[in-house]
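Please read it alongside the sequence and coordinates.

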Amino acid sequence: QQQQQQQQQQQQQEHRQKPTRGRAAQAKAPPEPEVIHISSDDEEGDNGQAGQACTEASRPTRHSTRISSTHMEEHEFFKDMSFLYHPDEPKRALLVKGSELKHLRDEEFLNDTIMDFYIRYLQHQLPPERRARCYFFNTFFYTKLSEKTQKAAQGGQPLPKDRAGHARVMKWVKNVNVFDFDYLLMPIHEGSHWSLVIVCHPSHIVKPDEEGQACILHLDSMDGGHTSGPVFKHVRDFLRYEWERLALAEAEAKGDGLDPQVLLPTFQPGPPSAPQFPQIRLAYIPRQDNHCDCGLFVLAYMDFFCHDAPDVMPKDYVADLKRNAKALQNGTKSIPSRNPNFLTTRWFSTLNAGGLRLHLRFLCHHYLLQQADDPATPECDLLRKRIAQYKSHADNKMLGQCYLPPPEYHAFTHAQHAVEQQQRRQHQHQQLDVLDTQEDWQEQQQQQQQQ
């Protein structure tokens, strides 16, 4: 009985103490975590349990001035900056915004603004004598030329399709004679893909030359890219009616009753392999190894062609290009090129073309910093850092981390080739030394056997 009474007393005491313990627990309970907006990427403070208690909706919002994949992309950081590129013609200045850098991210397609910027940059960087021989169309020219919409002629009658294309772009060339140039370079943009057309010696189409060969070349860095047939037709129609326009203007100026149709027999539609005016899709040229570098290759084609193109495109060389194009179509063996370092797979490396993306970023960074309103901003500090990094890679000729323009690339590959030849000769000498040693050993063995 005494034990039962003691147990009952203990239970009563525990029952009376429970509310007290509950109030104490409530008094000592930690407060609810406070949501704080911080401006750094430091880790959470000492109150780690409180941080873990935060839900997804109440987690602290972090703001950082650093560029990373989890915070802010480069094009967002520089979106309020821009530059005007007008090396020679301020009236034709091209506006490039910092937001355009998004098209220079890895695995992104180049857009028309970046393409037009670098085309103008290339044109300005060429030596004057080279620049006078090459004419660059902008990225919208072929798009406008190949539109399916028709433009009404005088009297409200629609023009034929081939004439309508010329009518849409005529105002862009009204102050220039494209037949005065040796090479016309026309970027093609269709279906999110870039390729390049080069017209060689357009004046020789209507006035054949014994040495130089007029031709149209189509350079496409991807198999299954643009179909060459429609491209050749649009370009051929443009040249036909542009020559007609210039011939009529000249006849009116002289007061002659000239019929331009007499001068245009070679522009009539015909097979691409017509001997008087070859139209060739180049078969063996550097090609992209991914889905996104087509624009880079078009710019590299332009850069290397303008630096390496001969004064006159020889007829036998054009014939070789045509034969190799047919060989690729028929699956037969190609013939060696007369110039292995021009319009061949050895023209430039895929790695160098890929480095052009970084070179374009560098140029944008350079001009953004050069035309910045306030050079003391964090954006300008970051631009200086980016520029210094690229220059370091370029100074060390780090292919893949920079782009080597044609003169530098040719000098670099020539030096590499010389080193490889020297190593090959050393290896041959070592092999000869080994053979000599073996022969000496065999002679010694024979003498010992004879003794």
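In helix 7 (residues 161–169), the buried residues are A164, G165, H166, A167, R168 and V169. Here, buried means under 20% relative accessible area, exposed means over 50%, and partly exposed lies in between, with a 1.4 Å probe and protein chains only. Helices (H or I, at least four residues) and strands (E, at least two) are DSSP runs numbered from the N terminus. The buried residues of helix 7 pack against helix 6 (141–145) and helix 9 (228–254). Contact is defined as heavy atoms within 4.5 Å.

## Basis of the model

The model is predicted: local features need pLDDT of at least 70, side-chain atom pairs count only at pLDDT 80 or more, and totals for chains, interfaces and linings use all residues. Residues are numbered from 1 along each chain as its sequence is written, and side-chain values use heavy atoms, with hydrogens and water left out.

Two packed helices are described by the angle between their axes and the distance between the axes. Axes are lines fitted to C-alpha atoms, for helices over the stretch in contact, and angles run from 0 to 180 degrees between N-to-C directions. Angles under 35 degrees count as roughly parallel, over 145 as roughly antiparallel, 65 to 115 as roughly perpendicular and the rest as oblique.

Helix 10 (residues 294–308) packs with helix 12 (residues 350–370) at an angle of about 100°, the axes being 9 Å apart. Helix 10 is therefore roughly perpendicular to helix 12. On the helix 10 side, the contact involves L296, F297, L299, A300 and F304, which meet T350, N352, A353, G354, L356, R357 and L360 in helix 12. The residues of this contact divide into 8 nonpolar, 3 polar and 1 charged. In this classification, Ala, Val, Leu, Ile, Met, Phe, Trp, Tyr, Cys and Pro are nonpolar, Asp, Glu, Lys and Arg are charged, and the others, Gly among them, are polar.

Helix 4 (residues 112–125) also has its axis within 12 Å of that of helix 12, and the two cross at roughly 80°. Helix 4 and helix 12 are therefore roughly perpendicular to each other. I114, F117, Y118 and Y121 of helix 4 make this contact with L356, H359, L360, L363, C364 and Y367 of helix 12. The contact of helix 4 with helix 12 comprises 9 nonpolar residues, 1 polar residue and no charged residue.

## Cysteines

C364 counts as buried at 3% relative accessibility, and C402 counts as buried at 0%. How many disulfides does a search of the whole structure find? The search finds 0, a disulfide being a pair of cysteine sulfur atoms within 2.5 Å.

## Residues with positive phi

Most residues other than glycine have a negative phi, and most peptide bonds are trans. L343 has a positive phi, near 55°. L343 is located in the loop between helix 11 (315–330) and helix 12, and is buried, with a relative accessible area of 4%.

K397 likewise has a positive phi, near 55°. Its loop joins helix 13 (378–395) and helix 14 (406–450). Is K397 buried or partly exposed? At 32% relative accessibility, K397 counts as partly exposed.

## Selected positions

H204 lies in helix 8 (residues 203–206) and is buried, with a relative accessible area of 18%. Not counting residues up to four places away in sequence, H204 touches D209, G212, Q213 and A214.

K97 belongs to strand 2 (residues 94–97) and is partly exposed, with a relative accessible area of 44%. Beyond residues up to four places away in sequence, K97 touches M81 and S82. K97 and H75 are 22 residues apart in sequence, and their C-alpha atoms are 9.0 Å apart. P230, in helix 9, is partly exposed at 47% relative accessibility. P230 and S146 are 84 residues apart in sequence, with a C-alpha to C-alpha distance of 9.0 Å.

## Whole-chain totals

The secondary structure of the protein chain consists of 14 helices and 7 strands. Buried residues account for 37% of the 451 residues. Of the contacts between residues at least 6 apart in sequence, 68% join residues at least 24 apart.

The accessible surface of the protein chain is about 27300 Å², of which 48% belongs to carbon and sulfur atoms. Accessible areas come from the Shrake-Rupley method with a 1.4 Å probe; for residues, only the protein chains shown count as cover.
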